[in-house]
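Please read this briefing with the sequence and the model side by side.

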Amino acid sequence: MGMVSRRGSILIGVLWSLFFLSALAAAIYARVAPQIDFVAKWKDRSRLYHLARAGVKRAMIELDKDETQDFDGLSDTWANNEEAFKEAALGEDGFFSVRYDVSDDDQEPQERYGLTDEERKINPNRASDAVLKHFFEIAGETTSQQAGDITDSILDWVDADDEPRVNGAEKGYYEALEKGYPCKNKEFEMLEELLLVKGMTRGIFDKVKPDMSVHTDGTVNINTAGGLVLQGLGMSESLAEKIIHFREGNDGEEATEDDNVFDSTQNIAGALTASESLSPEEIEQFNGVAGSGILSVRSQHFRGESVGGLKDQQTRRRIIFVADRQKQIKFWRED
């Protein structure tokens, strides 16, 4: 009996030891598991970041491959290229996409794969008062008075003096606000600065933001600009539609191989009148805009949204960037 008793005691001891060891292992796992999970998520986050960066690098490569050195249009491979930019595989389970949305006023947004050029937009640092006022009326859907207030205030914001324009504002106005701030008297570095300007509201800003940029020399590429921008430059809606119709080519769709392109500023009027029937008023409008020197056919700055992903995960990493043809990054934001 003594032997049996000792064996029973040993067994109980072993069982208690196993119990305590199991409890200890469970406690250690409970402590370590979140850290292991954190490391795994951090590793995936790093992979997603580098996948998104790969999309940026691919965009730079595509810009280098641009064969048209004197003009740019929406049929260029940087603008609409699913083979290069749609879920491009990288590694065993990684991919990136470089994409953007494009929409007409009466249509749902359409997804395209590639870059958008900044030269399709209006630069508030460079545009004339007439262009800004007209653009805010058209794109911002403001009254003439609102557009005049915003325009004068923008010009006051970027000029070096402290003398307000008729409908503008300088430091006296801004410093007298409840939460006052100085008038910058320098160019806008980010579009969001427009929200600081007298007369600007969030609603107006959200309407005009897609068609404005601070990353251009002030000229607008007639091959890529949308209808609202063309109207903002001083063209009628019908003239803007005829320019876009010319660009669409025979298939009636932009960003396809049969697009027509204005290959030089000197040839814009001749190419347009040879293809589209313009009224005397439209010819006068066009000549007025062209004579201002604001039209170009070339783009130098490009915006992209590069998204990195893993096939077995819903999580994505996004980089929004603006770069020029020399691969200099002008804007960078990571989500």
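Glu87 is exposed, because its relative accessible area is 53%, where exposed means over 50% relative accessible area, buried under 20% and partly exposed in between, with a 1.4 Å probe and protein chains only. Glu87 is found in the loop between α2 (82–85) and β1 (88–90), the helices (H or I, at least four residues) and strands (E, at least two) being DSSP runs numbered from the N terminus. Although Glu87 is not a glycine, it has a positive phi of about 45 degrees.

This is a predicted model, in which local features need pLDDT of at least 70 and side-chain atom pairs count only at pLDDT 80 or more, while totals for chains, interfaces and linings use all residues. Residues are numbered from 1 along each chain as its sequence is written, and side-chain values use heavy atoms, with hydrogens and water left out.

**A further loop residue with positive phi**

- Glu141, a residue other than glycine, has a positive phi near 55 degrees, and it lies in the loop between α3 (129–138) and α4 (144–158).
- Glu141 counts as exposed because its relative accessibility is 57%.

**Buried residues and their contacts**

- Met212 sits in the loop between α6 (202–208) and β5 (220–221), and it counts as buried because its relative accessibility is 2%.
- Not counting residues up to four places away in sequence, Met212 touches Lys121, Ile122, Pro124, Leu132, Phe135, Phe136, Leu191 and Leu194, where contact means heavy atoms within 4.5 Å.
- Met212 and Glu119 are 93 residues apart along the chain, and their C-alpha atoms are separated by 9.2 Å.
- Glu62, which is found in helix α1 (residues 2–64), is buried because its relative accessible area is 1%.
- With residues up to four places away in sequence not counted, the residues that Glu62 touches are Thr77, Trp78, Asn81, Ala84 and Phe85.
- The C-alpha atoms of Glu62 and Asp76 are separated by 9.5 Å, with the two residues 14 positions apart along the chain.

**Partly exposed residues in a strand and a helix**

- Gln110 belongs to strand β3 (residues 110–113), and it counts as partly exposed because its relative accessibility is 35%.
- Leaving aside neighbours within four places in sequence, Gln110 is in contact with Tyr100, Asp101, Val102 and Glu253; the C-alpha atoms of Gln110 and Tyr100, ten residues apart along the chain, are separated by 8.4 Å.
- Ala271 lies in helix α9 and counts as partly exposed because its relative accessibility is 26%.
- Apart from neighbours within four places in sequence, Ala271 is in contact with Phe246 and Phe262, and from Ala271 to Phe246, 25 residues apart in sequence, the C-alpha to C-alpha distance is 8.9 Å.

**Helix α8 and its surroundings**

- Helix α8 (residues 237–248) has twelve residues and reaches 16 Å from its first C-alpha to its last, close to the 16 Å expected at 1.5 Å a residue, the expected span being 1.5 Å times one less than the number of residues.
- Leu239, Ala240, Ile243, Ile244, Phe246, Arg247 and Glu248 are the buried residues of α8, and these pack against α7 (227–232), α9 (268–275) and α10 (280–291).
- Gly249 follows α8, and its phi is positive, near 75 degrees.

**The cavity**

- The structure holds one cavity of 30 Å³ or more, a cavity being a set of points, on a 1 Å grid over the protein atoms alone, where a 1.4 Å probe fits but cannot get out.
- The largest cavity has a volume of about 40 Å³, volume being the space filled by probe spheres set on the points, with grid points joined across faces, edges and corners.
- Gly73, Leu74, Ser75, Asn223, Arg247, Glu254, Asp259, Asn260 and Val261 line the largest cavity, and lining residues have an atom within 4 Å of a point.
- By class, this lining has two nonpolar, four polar and three charged residues; Ala, Val, Leu, Ile, Met, Phe, Trp, Tyr, Cys and Pro count as nonpolar, Asp, Glu, Lys and Arg as charged, and the others, Gly among them, as polar.

**The chain as a whole**

- The secondary structure of the protein chain comes to ten helices and nine strands, and buried residues make up 44% of its 335 residues.
- Of the contacts in the protein chain with a separation of 6 or more, 59% are between residues 24 or more positions apart.
- The protein chain exposes about 18,500 Å², of which carbon and sulfur atoms supply 52%, the accessible areas coming from the Shrake-Rupley method with a 1.4 Å probe and, for residues, only the protein chains shown counting as cover.

Note on methods
1 Å grid on protein atoms, 1.4 Å probe; cavity = no way out; pocket = protein on both sides within 12 Å on 5 of 7 lines; lining within 4 Å.
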